[in-house]
Amino acid sequence: MKKVVAMRCREYDPEAVKIKLEAAMEALGGLRQWIKPGDRVLLKVNLLTGKIPEEAVTTHPQVVIALADLLMEAGASVSIADSPAGPFSKGRLKKVYRLTGMERIESETGAKLNWNLESQEIHYSEGYRLKSFAVLQAVLETDHIINICKMKTHSMTLMTGAVKNMFGIMPGLKKAELHFRFTEPEDFAHAMVDICEYAQPTLSVMDGIDAMEGAGPSAGDIKKAGVLLVSKNPHALDAVAAKYMGVDPLQVPTLRVAEKRNLCSLSEDELEIQGVEMNGSTPFKLPDTQEPDFLERYSKWPVIGNVFRRISRKHLRPKPVLQKERCISCYECDTICPANAICMIHRRPEFIYDKCIRCYCCQEVCPEKAIWIYRPGILKRLSGS
Ligand code: SF4
Ligand code: SF4
């Protein structure tokens, strides 16, 4: 039975956040059971891009401060790290740390921000898709990882939580390369689970006080979900978060894969949820990126079904489009596109849809929400969404 503790917490009040997190950890056996004085602990936050905390794109600094305080009270030395989207450079880290409010954590708590840009290729023979991959040096030099993710929808993976957050232990554009290598959701999900299983976070915490719905993980709308979730098992944490968001866990590729790999059962009987009731919350608006699956559902004939599938994938898939008036010609989308499917014409992106793998990284990094997802009307009518 995998246990997840869900605490109601409606605001980023420093005292309230710390009390709730401490209580959640007590319910799981207590922080001192896992962390010994002198241990090095890395807080793996979600610093997707340089956004202020109020935009609910990144882990809120108050959650990080509370955890850093509790860990330091237990005698640990604490560092904070992530590899934001785009190139992993000192300049980018500096901007992201400043905007996301991480800078002040260092002076307020004594926890250290990671500035080490080095990484190492590690071998992971147990991986289902990844037998070796690059990992931040900071991750290799710690005793524990505490995974502090954000509750958000995600254009490619439907939701992002504890498992997807561990993707950030991979440096910079290596992440974009992985998107290009694994274009099928199932393969990509296996790769995400491989990374998370390699990292083995000691604890996973989800900041769902201000969450994100709609076009997540960066272009969506703020959703005041008012919860903090804590678990030793990142898959169980995501399963409970999915239920809270009104998403069937089986729709989430990383959860489907985790269940297949016997890492976590998604059955209600196998998840012990302590704390606030997960049912009855308002479902999150989902991203407009779900692929057409009605042909797969209704087609009984493999040959015709395959032809229909090919046609629908070519003509009915959602696709990124530009809202010209918002574009500031920053080239972030062009830099990150793993498929070389963006051509900058007159300093604005044009999409080459035959090359586009629908990873939606361009939308994720656009600082101006200038990229939105076009979903053909016929697809909406046929799939009833
Ligand atoms: S255009 Fe956007 S969605 Fe398409 S492959 Fe490039 S980054 Fe991914
Ligand atoms: S679409 Fe967005 S990311 Fe791309 S150049 Fe314009 S503002 Fe930058």
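This report describes the ligand surroundings, aromatic pairs and salt bridges of a predicted model.

## Basis

Residues are numbered from 1 along each chain as its sequence is written, and chains are lettered from A and ligands numbered from 1 in the order in which they are written. In this predicted model local features need pLDDT of at least 70, side-chain atom pairs count only at pLDDT 80 or more, and totals for chains, interfaces and linings use all residues, while side-chain values use heavy atoms, with hydrogens and water left out.

## Surroundings of ligand 2

Ligand 2 is surrounded by 14 residues, a residue being near if one of its heavy atoms lies within 4 Å. The closest are C327, I328, C330, C333 and C366. Twelve residues of this shell are nonpolar, one is polar and one is charged. Here Ala, Val, Leu, Ile, Met, Phe, Trp, Tyr, Cys and Pro count as nonpolar, Asp, Glu, Lys and Arg as charged, and the others, Gly among them, as polar.

## Aromatic rings

The structure has seven aromatic pairs. Rings of Phe, Tyr and Trp (its six-membered ring) pair if their centres lie within 6.5 Å; planes under 30 degrees apart are stacked, over 60 edge-to-face and the rest tilted. F133 and Y198 form an edge-to-face pair, at 5.5 Å centre to centre and 85 degrees between the planes. F133 lies in strand β6 (residues 132-136) and Y198 in helix α8 (residues 185-199), so the pair ties together parts 65 residues apart in sequence. Helices (H or I, at least four residues) and strands (E, at least two) are DSSP runs, numbered from the N terminus. F133 is buried at 3% relative accessible area, and Y198 is partly exposed at 24%. Buried means under 20% relative accessible area, exposed over 50% and partly exposed in between (1.4 Å probe, protein chains only). Y124, F133 and Y198 form one aromatic cluster.

## Salt bridges

The count of salt bridges is 18, each being a side-chain nitrogen of Lys or Arg within 4 Å of a carboxyl oxygen of Asp or Glu. K260 and E186 form one of them, with the closest N and O atoms 2.4 Å apart. This pair links distant parts of the chain, with K260 in helix α10 (residues 253-260) and E186 in helix α8, 74 residues apart. K260 is exposed at 58% relative accessibility, whereas E186 is partly exposed at 25%.

In another salt bridge, between K18 and E73, the closest N and O atoms are 2.7 Å apart. E213, D221, K223 and K285 are linked in a network of salt bridges.
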